[in-house]
Amino acid sequence: MTAYDRRDLGLLLLRLGTGGVLAAHGAQKLLGWFGGGGIEGTGQFMESVGYAPGRANATAAGLAEAGGGTLLALGLATPAAGAAAAGAMAGASAVHVPNGFFAQSGGYEYAATLGLTAAGLAVTGPGRLSLDHALGHTVNRSWMVPAALGATGLVTALVVGARNRRLREQKGEGDTQTALFEEQEALFGE
């Protein structure tokens, strides 16, 4: 087995693992599978953590996770797939930041790891064991990487920024929201 074969096999395993986990999380949000809340339950949760309207945010997050994860696993449209998944995980990380880094305390460790892995795959590419390779990389061009990551970064910044403003406005409405906003404000300097 050559170094190129090992690299392609490693990328396949990374894509299948990361993409599969993301697709399952998206299915929880969209369809209520695997113990998830579906659109209604996830929408209510989204509203409770400042992402309003909840149903629209649940749909967007579910599509980014399920769609991005499925495409990553297949190695198809890898720049867009990785960027979409990374954006969803950045939004999830924002919710968990007040709990610190480690997942055992409810922190953002897990979401950040999935997001960084998805972004890394968007940059690196899917390897030869992928649909992108089989289709001649028609939806995996070099210019698509900065375009997809840039557009997703902008949209994510706008969505998380709107959430932070919403939390700031609700600051006096409850101790949970106040504490959440103050911790995020201290971390991000907003």
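What radius of gyration would a compact globule with 190 residues have, and what does the protein chain have? A compact globule of 190 residues would have a radius of gyration near 16 Å, and the protein chain agrees with this at 17 Å. The radius is taken over C-alpha atoms, and the globule rule is 2.2 Å times the number of residues to the power 0.38.

## Basis of the model

This is a predicted model, in which local features need pLDDT of at least 70 and side-chain atom pairs count only at pLDDT 80 or more, whereas totals for chains, interfaces and linings use all residues. Residues are numbered from 1 along each chain as its sequence is written, and side-chain values use heavy atoms, with hydrogens and water left out.

## Overall fold

The protein chain has eight helices and zero strands, in the sequence order α-α-α-α-α-α-α-α. Helices (H or I, at least four residues) and strands (E, at least two) are DSSP runs numbered from the N terminus. The C-alpha trace spans about 60 × 35 × 30 Å along its principal axes.

Of the 190 residues, 42% count as buried (under 20% relative accessible area, with exposed over 50% and partly exposed in between; 1.4 Å probe, protein chains only). The accessible surface, from the Shrake-Rupley method with a 1.4 Å probe, comes to about 9,600 Å², and 65% of it belongs to carbon and sulfur atoms. Among contacts (heavy atoms within 4.5 Å) with a separation of 6 or more, 62% are between residues 24 or more positions apart.

## The largest pocket

The largest pocket has a volume of about 770 Å³. Of its 33 lining residues, Met46, Ala61, Glu65, Ala88 and Ala92 are the closest to its centre. Two or more lining residues come from each of helix 1 (3–31), helix 2 (38–48), helix 3 (54–74), helix 4 (78–96), helix 5 (109–124) and helix 7 (144–169). Helix 4 gives the most, with eight residues.

On a 1 Å grid over the protein atoms alone, a pocket is an open set of points where a 1.4 Å probe fits, with protein on both sides within 12 Å along at least five of seven lines; lining residues have an atom within 4 Å of a point. The volume is the space filled by probe spheres set on the points. By class, the lining has 18 nonpolar, 13 polar and two charged residues; Asp, Glu, Lys and Arg count as charged, Ala, Val, Leu, Ile, Met, Phe, Trp, Tyr, Cys and Pro as nonpolar, and the others as polar.

## Surroundings of Ala58

Ala58 is found in helix 3 and counts as buried because its relative accessibility is 0%. Not counting residues up to four places away in sequence, Ala58 touches Lys29, Ile39, Thr42, Gly43 and Met46. Val21 lies 37 residues from Ala58 along the chain, and their C-alpha atoms are separated by 17 Å.
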